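Trainee: Put the model up, please, and let's go through a few spots in it.

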Amino acid sequence: MKKLILSLGVMLSAGVCGASVTVSSPDGKLKVVTDVAGGKPVYSVSYNGNTMLENSPLGLRSDVGDFSTGMSIVDSKTSKVSKSFDQDKIKKSHIDYEANQLVVAMKNAAGQEIAVEWQVADNDATFRYVIPRQGETRSMVVESEASGFRFPQETTVFLTPQSEAMIGWKRTKPSYEEFYITDAPMDTKSKFGKGFTFPGLFRVGDKGWVLLSETDVDGYYCASHLSDYNDGVYTIAYAMPEENNGNGTASPGIALPRATPWRTITVADNLAPIVETTMPWNLVEPRYKTSRPGRPGRGTWSWIVWQDNSMNMADQKTFIDLAKDLGYENILIDAGWDQNIGYDKMPELLGYARSKGVRPILWYSSSGPWNDIIQSPINKMDRPIVRKNEMKWLRDNGVECIKVDFFGGDKQETMRLYEDILSDAADYGIDVIFHGCTLPRGWERMYPNHVGSEAVFASENLIFEQIFCDMEAFHATLHPFIRNSVALMEYGGTIFNNRMSRDNNSGNTRRTSDAFQLATAILFQNPVQNFGLTPNNLTETPEDAISFMKNVPTTWDDTKLIEGYPGRYVVLARRHADKWYIAGVNALKEPLKLKLNISSLGLKSDAGMIYADDKEKGVKAKELKIKKQDSVPVEVRPDSGFVLVIE
């Protein structure tokens with residue numbers, strides 16, 4: 001960024017440019033035009049000659065100056081960006097990134113400087129603001145942004161609302177766990193009147209699709225979301241002052257020079273580039289090095305079905321044994337272990353896990369004065385001294401991963417807490433999963449020991465209310481296109497119990513089939529997967545289903561969308577080493593008879609194993625002969641699914 005700031009200074013002394021400035025993607029299909037209209041900076045986006053975003057506002061407002069009006073373009077500079085990197089926790093293991101860069105320098109009426117930096121790749125346009133020092137001023141409070149998105153009138157939306165602050169369970173919201181609206185008109189108001197969370201998906205009539213999100217958010221800024229639709233535009237909105245019980249400011253304070261986070265705009269005439277984008281990681285770099293890579297793995301988890309009463313020595317040993325029987329790497333020991341088992345007895349339990357070759361993951365509350373949570377351990381993660389002492393205890397007892405829950409805010413203060421937990425954990429060789437949390441924005445690459453974040457209606461909701469079981473298939477067909485397209489997603493699914501209870505005879509009723517549950521293990525991507533399997537499943541669930549779950553991977557070398565439509569159905573292919581796993585689920589009320597085109601996978605085999613529902617025996621694995629790769633027949637019943645595995 002320092003080079004960019006210096007070049008901005010040179011540009012601003014070069015003279016007025018005046019006219020609009022255009023930058024296109026390497027393939028020439030995606031075009032961004034930056035201009036000033038009536039003193040207000042604007043941009044537009046087109047794809048294949050079709051307008052996807054009409055003149056949309058740019059700029060920000062600060063305590064130092066207003067950079068949203070009275071602006072003029074004074075210069076611009078173009079260059080190319082090229083990089084290659086490996087990443088072991090996202091949808092692809094190797095990424096080659098090519099983009100065209102445009103930096104547009106601007107001044108306001110007071111002569112104060114700012115620049116809009118664009119990087120435009122095939123199907124992805126991203127921008128951020130680069131803010132140099134303002135004379136003798138070396139710091140700034142960014143009060144708001146004018147940045148917005150003005151879609152053509154025919155656009156419909158797939159969005160989930162930003163929650164009000166300090167509501168929900170023990171006043172822990174917002175936590176990115178709300179219902180979606182799908183194919184809704186743009187003027188549909190958000191449920192709470194607080195706008196919508198990232199990512200957001202937009203269908204621009206028959207012209208194509210746009211996915212909005214952001215990346216490169218750390219403790220130097222706040223996380224953002226979209227406002228409600230107002231005067232024809234969605235704008236960038238910051239955290240609410242009430243979040244985290246009023247702790248921390250809603251507007252980020254920054255030292256100058258500084259660049260803001262990137263706003264990402266993924267654009268295509270079909271949904272495949274939306275699902276397959278790697279833009280959240282293309283734009284960021286690791287913040288630090290760790291002694292080892294983050295460890296992927298599968299795990300058992302008593303709490304998800306057996307709930308709070310299972311937090312005792314005997315039940316946890318049972319789930320350690322289950323992990324060993326399944327060949328899984330981890331066990332998640334959830335809330336209450338410190339009280340029900342106790343710090344004095346935990347070494348025995350942790351030692352038992354290690355003796356079975358199973359790595360324990362321990363749950364913590366984020367703690368602090370921002371909610372009413374009583375689930376423990378509490379007050380261990382919110383301050384550096386006690387946190388480091390706890391990290392040392394964890395390391396000394398062989399714990400290499402923790403799950404930290406209940407954050408409830410997007411303020412800069414909260415971003416710093418996420419970053420501080422990750423950094424301290426890295427010093428002690430510990431990986432981190434976040435739960436009850438914000439969307440991770442590039443964190444898989446930025447923080448090498450970050451191995452999971454929830455930020456979604458996850459599997460726990462199946463236990464809480466029947467409506468989530470009723471809507472499980474619907475939600476599953478949304479996540480590959482929206483939430484999981486921009487970040488890993490710690491969902492904790494694949495539940496084989498027919499009823500959401502320990503006795504499998506009470507509680508909410510599962511509506512989806514066993515084959516559907518297998519498919520979600522592929523559809524939902526997170527390097528650490530804690531599945532909802534229970535000991536009775538080993539004898540009550542079809543053998544082929546258990547065999548599949550014993551061998552399912554959690555990391556992927558490639559990802560491709562085969563077909564689908566959000567809220568209706570999805571068929572997604574993921575490759576691990578030399579195997580393709582093609583998973584599909586159906587949320588419609590009628591059976592789907594599909595002719596899948598899998599020719600893009602480059603398959604050499606003409607046969608695979610398909611795991612699907614047998615009407616009488618549950619999941620059954622059968623060989624499927626592939627006669628034509630552009631027309632593979634598959635039928636999927638409502639609330640059901642399949643997985644096709646091909647070497």
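**Notes on selected sites**

Trainee: Leaving aside neighbours within four places in sequence, which residues is Asn108 in contact with?
Mentor: Asp66, Phe67, Thr69, Gly70 and Met71, where contact means heavy atoms within 4.5 Å. Keep in mind that this is a predicted model, so local features need pLDDT of at least 70 and side-chain atom pairs 80 or more, while totals for chains, interfaces and linings use all residues. Numbering starts from 1 along each chain as its sequence is written, and side-chain values use heavy atoms, without hydrogens or water.

Trainee: Where is Asn108 placed?
Mentor: Asn108 sits in the loop between β7 (94–107) and β8 (113–121). Helices (H or I, at least four residues) and strands (E, at least two) are DSSP runs, numbered from the N terminus.

Trainee: Buried or exposed?
Mentor: Asn108 is buried, at 8% relative accessible area; the cut-offs are under 20% for buried, over 50% for exposed and partly exposed in between, with a 1.4 Å probe and protein chains only. A polar atom of its side chain lies 3.1 Å from the backbone oxygen of Asp66.

Trainee: Next, Ser640. Which side chain does it pair with?
Mentor: The side chain of Ser513, through a polar contact of 3.0 Å. Such a contact is an N or O pair within 3.5 Å, one able to donate a hydrogen and the other to accept it, and residues adjacent in sequence count only if both atoms are side-chain atoms.

Trainee: And what surrounds Ser640?
Mentor: Beyond its neighbours within four places in sequence, Ser640 is in contact with Ser513, Ala515, Phe516, Gly584, Val585, Asn586 and Asp613. Ser640 is in the loop between β34 (632–636) and β35 (641–646), and its relative accessible area of 4% makes it buried.

Trainee: Changing topic to helices. At what angle do α15 and α17 pack?
Mentor: About 10°, with axes 10 Å apart; α15 covers residues 514–523 and α17 covers 543–551. Axes are fitted to C-alpha atoms over the stretch in contact, and angles run from 0 to 180 degrees between N-to-C directions. That makes α15 roughly parallel to α17, a label for angles under 35 degrees.

Trainee: Which residues make that contact?
Mentor: Leu518, Ala521 and Ile522 come from α15, and Ala545, Phe548 and Met549 from α17. They divide into six nonpolar, no polar and no charged.

Trainee: How far apart are Tyr581 and Val645?
Mentor: They are 64 residues apart in sequence, and 4.7 Å apart in space from C-alpha to C-alpha.

Trainee: Back to helices. Which residues of α7 are buried?
Mentor: Met346, Leu349, Leu350 and Ala353, in a helix that runs over residues 346–355. They cover an arc of only 95° around the axis, which puts them on the same side of α7; the arc is taken from the directions from the axis to the C-beta atoms.

Trainee: Why would spacing like that put residues on one side?
Mentor: An α-helix has 3.6 residues a turn, so residues three or four places apart point the same way.

Trainee: What covers those α7 residues?
Mentor: The cover includes α5 (313–326), β22 (330–333), α6 (337–342), β23 (359–365) and α8 (384–396). Just after α7, Gly357 takes a positive phi of about 75°.

Note on methods: Angles under 35 degrees count as roughly parallel, over 145 as roughly antiparallel, 65 to 115 as roughly perpendicular and the rest as oblique. Ala, Val, Leu, Ile, Met, Phe, Trp, Tyr, Cys and Pro count as nonpolar, Asp, Glu, Lys and Arg as charged, and the others, Gly among them, as polar.
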